[in-house]
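Biologist: I've got the model open and want a quick tour. Can you walk me through it?
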Amino acid sequence: MRKMFNVKAIAKTLWISIVVIVIVVAAVGVYIYTSQPAKPERLIKIAWTEGPEFDFIADHLDEFEDETGITVEFLTIPRAHIVERLMLEMLSPTPSIDGSIVYVLEEPTLAATGGLVNLYDYKPKSQWISEGFYESQLNILEINGELYYVPSLWNGALLLFYRTDLFADATLKAAFKAKYGYDLAVPSTPEKLLDAAQFFSKKEYNGKQDYIGIHLQLTTTEMGSGAYTIYPPLAAYYGGGIYNATTGQILCNSTGSVEALEYLIDLKNCAQDSCLEDGTFEAERAVMAGNVSGTELAMADQWSYMYPMLPDATKPWNISMRPFPQGPDMLGIAILKNSPKKDYVWEFVRWTSSAEIVKGTTLATPKAACRSDVADDPEVSSNYWVDKILDSYGRVMPITPVIKDARSTEIYEKMMLRLGEAFTGSKTAKQALDALYEDIATIVQY
Amino acid sequence: MRIFYGWHLKKEAMFGILLVMPAFIILAIVYLFPLVYDIDLSLSRWNLAPPSPKEFIGLKNYVDQFSDETFQKVLYNSLFFTGVSVPCEFFLGLALALLLNKNIRGKSVIITILALPMMIAPVIAALTWRWIYDSNFGILDFFLNQFFGIRPLWLSDPNIAMYSVIIADVWITAPFMMLILYAGLQMIPTERYEAAKVDGASSWQMFRYVTLPSLKGVLIVALMVRTNDALTKLFDVVYVITEGGPAYATEVLPTYAYKVGLKFFRLGAGAAISIITLLIAAMMIVAILRASRGR
Amino acid sequence: MIRTKKFINETLLYLAVGVALFSVLFPLYWMFSTSIKPPLKIFSIPPRLLIEEFTLENYQRLFEVMPFLQNFLNSAIITSGALALGLSLGSMAAYGLSRYQFSGSRYFLSFIVISRMITYVAFVIPIFLLETNLNLIDTHLGVILAHSIFVLPFIIWLMKSFFDEIPKAYEEAALVDGCSRFRAMFVAMRLALPGLGTAAILTFLDSWNEFMFALVITRTSASQTVPYALVLQLTRPYQVPWGVITAGSFLFTLPIFALGYFIQKYVAKSFVLGR
């Protein structure tokens with residue numbers, strides 16, 4: 001048997017080594033702290049995130065710095081934490097950021113604190129519109145007549161993706177005509193979309209094989225806002241809604257809303273099994289490309305940025321206008337009222353919403369432009385996706401605004417909960433929406 | 001002894017107080033003050049979205065929470081989690097400790113390895129498990145699909161998600177139980193076993209009448225600590241693996257208190273949930289103590 | 001007969017131990033192997049079980065994609081600070097509680113014991129409000145103070161048990177010899193060194209691995225610790241960089257692997273002796 005260690009000696013060495021480590025670390029820390037360069041005076045800190053648009057701005061940042069002498073430091077904050085972070089900043093008398101990206105869904109909550117600057121104070125609405133910004137988009141973002149950001153960084157649209165080979169196949173077209181009585185074409189209304197999805201997903205209809213009728217994202221992840229952008233607009237399309245913050249009316253269990261949910265459940269039954277799962281970007285891409293065995297998609301309700309990322313080799317896809325309205329997915333920079341450097345941040349906002357920069361961010365990945373002069377620019381308008389996106393995003397199909405109430409985060413969370421119950425069958429559509437009515441009634445009393 | 005007489009006694013106390021003072025000051029700031037503030041907060045209504053001034057409302061927060069369907073679900077989740085994971089840890093830990101109590105080669109290395117999960121940051125262990133549970137690229141899904149043809153959705157199925165969290169947490173904490181019980185087993189003098197053998201006891205009887213009673217003290221303490229931790233400290237693992245989802249299937253009291261307080265900004269309600277958690281943990285610990293005395 | 005039975009028993013024993021070892025080691029192996037796989041291979045379907053090719057690319061990306069060195073340093077500074085604060089103030093207080101009776105000592109002790117029962121989430125809002133007003137948000141000191149919530153009570157409780165075990169004879173002898181009370185205290189400290197070692201190791205673990213207070217108090221890389229920084233990677237848009245996450249996890253856990261032997265020895269001891 002080996003001799004037992006001398007506990008005392010070990011403890012002593014540990015003790016000494018800890019002291020040594022502490023001293024060394026402290027010394028290194030002091031060195032790093034003191035060797036940092038002095039902060040430039042005109043420095044603004046902006047909460048930021050990732051993506052091709054943001055890379056574009058980062059790449060051109062030195063132009064901004066040369067023009068205005070303002071240095072910008074970016075702090076990456078994940079989307080899921082935006083509300084927590086920003087609320088805490090607004091509570092603090094010495095905020096550590098001066099401006100931040102804000103998403104349309106979280107905007108009402110943040111704005112209700114009164115901690116964001118109204119951009120109309122710097123530039124009145126008429127001037128924004130005369131410069132070419134789409135009024136429909138500005139209206140979506142306005143809360144009580146105040147504008148907190150413009151969607152210069154991201155204006156994502158959902159589009160209908162469809163398999164060109166399947167829609168051109170003669171056998172399938174004949175079978176479809178026989179079953180439904182009209183020609184198979186790319187769906188332009190919700191009813192036609194459901195018909196096509198059901199047709200493709202059942203071998204007994206199309207005679208060939210089971211496809212996944214439509215790929216849906218029904219969960220809330222950073223991948224896709226899921227049911228946020230799918231259900232409320234559908235409910236509005238059918239004459240219902242969720243909650244009207246101005247009138248205080250709760251609409252979620254009206255006839256139209258129930259009809260919309262029942263439609264969505266039918267559509268979901270043609271969707272992939274994992275539609276209620278948290279998807280990953282890689283998985284989405286693999287499924288769309290047909291790289292996952294045994295799951296061929298016929299259609300997909302997918303984000304505009306996904307299209308250029310599909311490797312064309314495996315399956316041929318094309319995009320079309322989304323056959324029903326969508327909610328906005330807008331991202332821009334807002335200014336914090338508590339910050340002493342508001343004016344500098346305004347310069348940054350002005351620069352990022354200028355035509356030149358908006359053109360760059362619009363072209364970075366397919367999205368809706370926020371300025372008409374950019375949309376009309378030949379370099380932009382020559383792209384195949386511009387019209388289809390603008391049609392889906394206000395031109396033909398309206399954009400359904402988000403709930404403009406400070407408690408919207410909670411309301412949407414409850415909505416996801418109830419929708420989940422309806423999707424999994426533990427409640428009927430009517431029961432789920434009645435429960436949601438009660439939930440919202442409780443929440444708005446807080 | 002004689003030194004500690006008379007006015008020296010007062011000086012004694014003074015010195016003692018002096019020693020304790022620095023720690024006490026810090027604890028007063030970071031521990032007592034928040035606790036008192038929390039109680040005050042739980043009796044008030046203070047929201048930030050939309051902003052409302054802080055006003056006293058008595059026990060209304062508590063009443064509201066208990067009658068709220070979501071809170072009831074969260075409470076059930078916490079109790080369910082505790083009720084399943086603590087016995088799992090306990091039995092696994094006991095089994096391992098008993099195994100290790102035998103003569104095994106390389107024992108100290110084995111113990112060190114088996115103790116690893118509890119030394120790793122819970123967040124990192126949770127990240128590892130999340131990666132294992134991934135529905136598309138996770139190794140668990142692949143393995144189960146290949147050999148059993150089943151593909152449970154570990155992270156997105158509301159019926160399974162809680163078990164995913166339980167498995168990860170048991171993986172992290174069973175070693176703790178194992179170490180405690182092993183140390184306890186080591187302390188049992190071998191004479192007791194020999195006496196029992198002389199009396200003709202079978203190994204099961206030895207276990208029941210020698211091992212278990214000797215372990216009782218350590219066992220009760222470990223049980224109390226783990227029950228308390230399962231109720232009040234389960235934050236990191238849930239936050240990383242499921243963030244309380246899907247649909248509140250894995251939302252437990254600590255994560256819910258955080259959500260209500262710092263995501264929905266209903267500070268009064270969040271504080272009330274924390275206090276309720278504290279009270280429930282206290283009740284369970286008292287119950288365990290009572291039960292152990294009774295035996 | 002007995003020999004075969006013994007053989008079977010032994011085989012079963014080693015089998016059981018083998019299963020236990022596998023359950024512990026496989027997730028760790030998976031984490032490590034993911035960190036050395038080339039990024040594209042990480043997302044392959046089906047996942048590759050064995051290490052076919054390895055690369056240090058993820059470790060390189062780790063330093064490009066997040067300020068890992070800064071985060072690691074922050075973790076180290078915060079943990080050292082918590083250790084220094086906790087060990088010094090805590091053991092002093094423990095000595096005071098153990099050796100000296102004064103009014104309120106019992107209340108103090110019960111408060112210490114209760115502190116374990118409180119969910120840390122309860123402290124989050126008051127601590128945040130407190131530190132915001134003291135301008136300690138996003139500073140190392142801010143996180144160190146937050147860590148004192150669990151570090152100080154634990155050290156006091158543990159060291160008090162240790163001090164209780166040490167006979168007062170040594171200190172009394174020292175006092176008789178004319179030492180000041182402080183000197184006498186150091187005599188006791190030296191005797192309680194194993195306890196300090198245990199306390200140091202366990203505190204190190206708790207502070208190094210801590211996540212929630214880091215989540216709430218830190219804002220930027222000025223004070224963000226590695227656990228929080230790694231979780232931040234989970235919420236990246238487009239693609240979760242699992243290669244980077246596992247690489248960072250591995251590097252962060254290295255010190256713990258190194259101390260592994262001591263840790264497991266002291267944890268058990270502290271629990272059993274501390275009763």
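Modeller: Start with a sheet in chain A: 3 strands form an open sheet in the order S8-S5-S9, with antiparallel pairing. Strands pair if DSSP finds at least two bridges between them. Strands (E, at least two residues) and helices (H or I, at least four) are DSSP runs, numbered from the N terminus. One caution: this is a predicted model, where local features need pLDDT of at least 70, side-chain atom pairs count only at pLDDT 80 or more, and totals for chains, interfaces and linings use all residues. Residues are numbered from 1 along each chain as its sequence is written, and chains are lettered from A and ligands numbered from 1 in the order in which they are written.

Biologist: How many bridges link S5(A) and S9(A)?
Modeller: S5 (residues 158-163) of chain A pairs with S9(A) over 4 bridges, in the antiparallel sense. A:Tyr162 has A:Asn318 in S9(A) as its bridge partner.

Biologist: Which helix lies across S5 and S9 of chain A?
Modeller: H18 (residues 385-395) of chain A, running at about 125° to S5(A).

Biologist: New topic. At what angle do H19 and H20 of chain A pack?
Modeller: About 160°, with the axes 9 Å apart. H19 covers residues 408-424 and H20 covers 429-443 of chain A. H19(A) and H20(A) are therefore roughly antiparallel, a label for angles over 145 degrees.

Biologist: What residue classes make up that contact of H19(A) with H20(A)?
Modeller: 11 nonpolar, no polar and 5 charged residues. Ala, Val, Leu, Ile, Met, Phe, Trp, Tyr, Cys and Pro count as nonpolar, Asp, Glu, Lys and Arg as charged, and the others, Gly among them, as polar.

Biologist: And between chains? How many residues of chain C are in contact with chain B?
Modeller: 71 residues of chain C are in contact with 76 of chain B. Contact needs C-beta atoms, placed from the backbone, within 7 Å. H13(C) gives the largest share of the chain C side, 15 residues. That side has 55 nonpolar, 11 polar and 5 charged residues.

Biologist: Last one. Which domains does chain B have?
Modeller: The domain assignment gives domain 1 (2-42) and domain 2 (60-294). Such bounds come from an automatic or database assignment. The C-alpha centres of the two domains of chain B lie 35 Å apart.

Note on methods:
Axes are lines fitted to C-alpha atoms, for helices over the stretch in contact, and angles run from 0 to 180 degrees between N-to-C directions. Angles under 35 degrees count as roughly parallel, over 145 as roughly antiparallel, 65 to 115 as roughly perpendicular and the rest as oblique. Two residues are in contact if their C-beta atoms, placed from the backbone, lie within 7 Å.
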